[in-house]
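The report below is meant to be read with the sequence and the coordinates open side by side.

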Amino acid sequence: YRHEYADDTPAVADSATGGAEMETLEADDDAVTVDEPTGGLTAGLDPVLRHANGTWIAWGDGDADFAVADGDNCVSVPPSHESYTLRRIDLSDEAVDSYYYGFSNQVLWPICHGFPDLVSDRDDYVEWYRTVNDRFAAAVETHASADSVVWLQDYHLGLAPRTIRDAVPDTVTVAQFWHIPWPSPEVLAECPVAEELLEGLLGNDLLGFHVDSYVDTFLASINRLLPSAAVDPNRNIVRYDGWETRVVATPMGIDAETYDRNARTADDDRLSSLFDALGVSDGNAIGLGVDRLDYTKGIPERLAAVERFFERNPAWRGEFTFVQKATPSRTEIPTYQRYGDHVRREVERINDRFATDDWRPIAYTESYLEAETLSALYRRADVMVVSPLVDGMNLVAQEYVASSVDRDGTLLLSDRVGAHERLGSHALSIDPADTEGVATRIEEAVSMPRQERRRRMDELRSRVFENDIESWMSTQFDWIQRVRDVTDVDANGT
Ligand code: GDG
């Protein structure tokens, strides 16, 4: 888990659950150490699980968890004040390869992001996806009681809700949050098991997406590919096989307070050592990109815009450095290996073109940054460029805003990410594929009067703080309660 911090790891729990940064036990000889989640979904879920005394079901390397687990692979956590159960699903290398790197990330991920040409399928991928979804469903069945809430996260568990629904009493509430976009029906039709996936998801009582447009394409997909289901377009309810699924848009927030606090308290040395290591001059204006190395994130397009900026503005050479933090991700997959190589080559080419003896236009790093260092870097960045070609939400844009405690920086935000709905009107909106347009926006940002920067940042900050992870969690549970009440009414025949 530790090295997959920015990646996505499926998990499911009775009462609540989450993804990548789950608290993980590391056995070191006889001692057990704990990695605490530093922010994001897992940090939001931890208190909920404690409160609910629930069960968190997840896979991962988890060697240490298995070392301290009982015969059912259950561990009581957190070790200091045990209050919920961590149940591990042990997956073989072959399962991880075909289920996670295979069907989840080489079929569903490209399809949901509108890149059907990048699908790379194999016969056993979907078989493993079914098998692993069934294993999660079986674990849920073991742990659920009649009034449980089951909350599933993300596209790795698209078939599990139906299996769970068929196995547990009607009084169990099943909800899911889908963290990535939902594609058009035309693109979804390229998925070899599109209908089965839709049927799977309609086992949920509640299905959440980040924004309305994904809800709309999901309902359009049902109309087109599962005509026996009935869609109520006014209430966004789908009736299928005797069950009702409510589909809602609930945009995810971040733990804004923590980013704000880390940005304020981070020791100055953190940033100076990072800049020393990257050869960045302290006096430079700083541009910044922070992403997983994923073809959806638009990194080469962004670098091309930075290159264009330096072409058009020779006076900024030596004065402005673009820092790109790129996190290697899904590196087993050839498309990702090629993408990483391409990004690194582009950095080198642009640096060769403009570098002087004591300055390089792009400072590129793939090293992990501790949370405080990342916040300090966000705080220091004058121009943050978030330019994915498509992105379910994008948390980085929100983290930048929360860390901008001096209210001095400018956010350039792609109009193709979920976060644009909430932040687009006060960020500088960009079309990520328009090199000239993004270069112009960088020019605008570096020459924007301070007052204007503050005005925009104040507005962005109030949106990010008002809609943080806590508010998102409570919206989830309000919706879960609402669909639960409906089920109770139906069960009573009224
Ligand atoms: C998926 C959806 C949706 C990166 N490098 C470091 C580091 N990170 C952290 C960032 C941020 C996270 O990784 C990346 O989150 P994003 O939201 O930007 O993107 P995905 O990984 O694609 O996430 C996305 C999200 O799920 C939630 O629903 O927003 O659309 O694709 O938190 O800070 N963190 C640290 N050091 C690093 O070097 N500490």
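This is a predicted model: local features need pLDDT of at least 70, side-chain atom pairs count only at pLDDT 80 or more; totals for chains, interfaces and linings use all residues.

**Nonpolar cores**

The largest nonpolar core holds 68 residues, of which Phe-103, Tyr-129, Phe-136, Val-140, Val-150 and Phe-218 touch the most other members. Helix 4 (residues 123–143) contributes the largest share of this core, with 9 residues. Tyr-129, one of the residues with the most contacts to other core members, is in contact with Tyr-99, Phe-103, Ser-104 and Leu-159 when its neighbours within four places in sequence are left aside.

**Buried elements**

Helix 5 (residues 160–167) is mostly covered, since 6 of its 8 residues are buried; these are Ala-160, Pro-161, Arg-162, Thr-163, Ile-164 and Arg-165. Phe-177, which belongs to strand 8 (residues 173–177), has 23 C-beta neighbours inside 10 Å and therefore counts as buried, the threshold for that class being 20 or more. Once neighbours within four places in sequence are set aside, Phe-177 is in contact with Gln-153 and Gly-208. Between Phe-177 and Val-126, which are 51 residues apart along the chain, the C-alpha separation is 21 Å.

| Helix pair | Crossing angle | Axis distance | Handedness |
|---|---|---|---|
| Helix 14 (residues 396–403) and helix 17 (residues 450–466) | roughly 115° | within 9 Å | left-handed |
| Helix 7 (residues 194–201) and helix 8 (residues 212–225) | about 120° | 11 Å | left-handed |

How are helix 14 and helix 17 oriented to each other? With axes that cross at roughly 115°, helix 14 and helix 17 are therefore roughly perpendicular to each other. Their contact is made by Gln-398, Val-401 and Ala-402 of helix 14 together with Leu-460, Arg-461 and Val-464 of helix 17, and the residues of this contact divide into 4 nonpolar, 1 polar and 1 charged.

Helix 7 and helix 8, which pack at an angle of about 120°, are therefore oblique to each other, because angles of 65 to 115 degrees are those that count as roughly perpendicular. In this pair, Ala-194, Glu-195 and Leu-198 of helix 7 meet Ser-221, Ile-222 and Leu-225 of helix 8, and by class the contact has 4 nonpolar, 1 polar and 1 charged residues.

**Backbone details**

Most residues other than glycine have a negative phi, and most peptide bonds are trans.

The peptide bond from Val-77 to Pro-78 is cis, with omega near -15°, and Pro-78 lies in the loop between strand 5 (74–77) and strand 6 (84–89).

Asn-73, although it is not a glycine, has a positive phi of about 60°; its place is in the loop between helix 2 (63–68) and strand 5. Is Asn-73 buried or partly exposed? With 16 other C-beta atoms within 10 Å, Asn-73 is partly exposed.

Arg-407 likewise is not a glycine and has a positive phi, of about 55°, in the loop between helix 14 and strand 17 (410–414). Because Arg-407 has 15 C-beta neighbours inside 10 Å, Arg-407 counts as partly exposed.

Conventions: Residues are numbered from 1 along each chain as its sequence is written. A residue is buried if 20 or more other C-beta atoms lie within 10 Å of its own, exposed if 12 or fewer, and partly exposed in between; C-beta atoms are placed from the backbone. Helices (H or I, at least four residues) and strands (E, at least two) are DSSP runs, numbered from the N terminus. Axes are lines fitted to C-alpha atoms, for helices over the stretch in contact, and angles run from 0 to 180 degrees between N-to-C directions. Angles under 35 degrees count as roughly parallel, over 145 as roughly antiparallel, 65 to 115 as roughly perpendicular and the rest as oblique. A crossing is left-handed if the near helix is turned anticlockwise from the far one by less than a right angle, and right-handed if clockwise. Two residues are in contact if their C-beta atoms, placed from the backbone, lie within 7 Å. Ala, Val, Leu, Ile, Met, Phe, Trp, Tyr, Cys and Pro count as nonpolar, Asp, Glu, Lys and Arg as charged, and the others, Gly among them, as polar. A nonpolar core is a set of buried Ala, Val, Leu, Ile, Met, Phe, Trp, Tyr and Cys residues joined through C-beta atoms within 7 Å.
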